[in-house]
Amino acid sequence: MWNLARSAASNARRLRRFSSAIPRPSIVHKRGADILHDPWFNKDTGFPLTERDRLGLRGLLPPRIISFEQQHDRFMESYRSLEKNTLGQPHTVVSLAKWRILNRLHDRNETLYYRVLIDNIKDFAPIVYTPTVGLVCQNYSGLFRRPRGMYFSAKDKGEMMSMIYNWPAHQVDMIVLTDGSRILGLGDLGVQGIGIPIGKLDMYVAAAGINPQRILPVMLDVGTNNQNLLDNPLYLGLRQPRLEGEEYLSIVDEFMESVFTRWPKAIVQFEDFQMKWAFQTLQRYRKKYRMFNDDIQGTAGVALAGLFGSVRAQGRPLTDFVKQKIVVVGAGSAGLGVLKMAKEAVARMEGNAEQAASHQFFLLDKNGTGYER
């Protein structure tokens, strides 16, 4: 009974956290223009007169008070106007224009940004994350206006333990980390791959309810082998070839140790690492730290759920999964992860790992070459 009561209380607190009807007080250690320039505290023209007086904002804003709801509607009107005015324009131009208007809101007012994102997740998910995020990463050095997240580079070796304390949040629950070596299907984008952790964490906030003040996108810049980026005068990352071997691993080791020294309960998600490092870092850290590789394990978990669903859709019992022939197209980290997890599922169902290994699994690489696994 007490457990039920505690659970109900916990659920009530969770509902209140997202309720606009019951605002929670916030302690602000800033005043005046510093508040207006901080997207966490800025409410634009939504500050009532009492707050304008207490926080030294009177005279720094237009006199009319525009409510949060009105600001929400005004932004959506601007967005719909953008859609109307860009009809017939190339898809890439329209996508980047939509990303820019959302990014400007993100830079100015985080609360309104996440409210807009949550309320319009179906429309905005393809802008904030795939497919538009790939285009953003390709052009990130030119689009860059304001830093978001943290950047650790090979030049910071020996300094990461102190650097991690530069992040202002006292607690971080979720970190998405990339080294930019294999961004989506676009290859090595170097430091410009930071768009992936930013976009993915925005999706976690909007769709999973993670506290946006306790997330951290991270770029681990160990160089790039993309000559076009090295020749680009606007490129923001290290202008050197990628580190390899023990040099590379020592950088990742130092980062992981630094993160978990400050935030021992955080989760680090490895995202878009090239295949050789994706598997090696997973094996290196999985038993030591709270981490996972999304390309190997996250994709595999979703794919396995789909495979189970396909068996049920045929009106067959789930145990018939062991009788299926499974073909995975793509021999990258995601494809191999799906194959591995499917084999593990069969092994558990049959209670015989050797039998699962002889199960009919097939893998097709990008050239169409088939392998029986």
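**Notebook: contacts, sheet and cores of a predicted model**

I began with contacts (heavy atoms within 4.5 Å): residues 24 or more positions apart account for 65% of those in the chain with a separation of 6 or more. I note that this is a predicted model, in which local features need pLDDT of at least 70 and side-chain atom pairs count only at pLDDT 80 or more, while totals for chains, interfaces and linings use all residues. Residues are numbered from 1 along each chain as its sequence is written, and side-chain values use heavy atoms, with hydrogens and water left out.

**Entry 1: the whole chain**

I looked up the secondary structure and found 17 helices and eight strands. Both are DSSP runs numbered from the N terminus, helices being H or I of at least four residues and strands E of at least two. Of the 373 residues in the chain, 46% are buried, meaning under 20% relative accessible area with a 1.4 Å probe, protein chains only.

**Entry 2: the sheet**

I traced an open sheet of five strands in the order β1-β3-β2-β4-β5, with parallel pairing; strands pair if DSSP finds at least two bridges between them. Strands β1 (150-153) and β5 (291-293) stand at the edges with a single partner strand each, so one side of each has no neighbour in the sheet. From one strand to the next the twist averages 20°.

I then examined β2 (residues 174-178) and β3 (residues 215-221), which run parallel and are joined by five bridges. Ile175 stands opposite Leu216 in β3.

Helix α13 (residues 245-262) packs on the sheet and touches β1, β2, β3, β4 (267-270) and β5. The direction of α13 makes about 150° with that of β4, axes being lines fitted to C-alpha atoms, for helices over the stretch in contact, with angles from 0 to 180 degrees between N-to-C directions. Helix α14 (residues 275-285) also packs on the sheet, touching β4 and β5, and its direction makes about 160° with that of β5.

**Entry 3: the cores**

Which residues touch the most other members of the largest nonpolar core? I found Phe75, Leu102, Tyr113, Val116, Leu117 and Phe124, out of 43 residues. Such a core is a set of buried Ala, Val, Leu, Ile, Met, Phe, Trp, Tyr and Cys residues joined through side-chain atoms within 4.5 Å. Helix α11 (residues 195-208) gives the largest share of this core, seven residues.

Leaving aside neighbours within four places in sequence, Leu102 is in contact with Phe75, Tyr113, Phe124, Ile127 and Val128. A second, separate core of 37 residues includes Phe152, Ala169, Leu177 and Met291.

Note on methods:
Buried means under 20% relative accessible area, exposed over 50%, partly exposed in between (1.4 Å probe, protein chains only).
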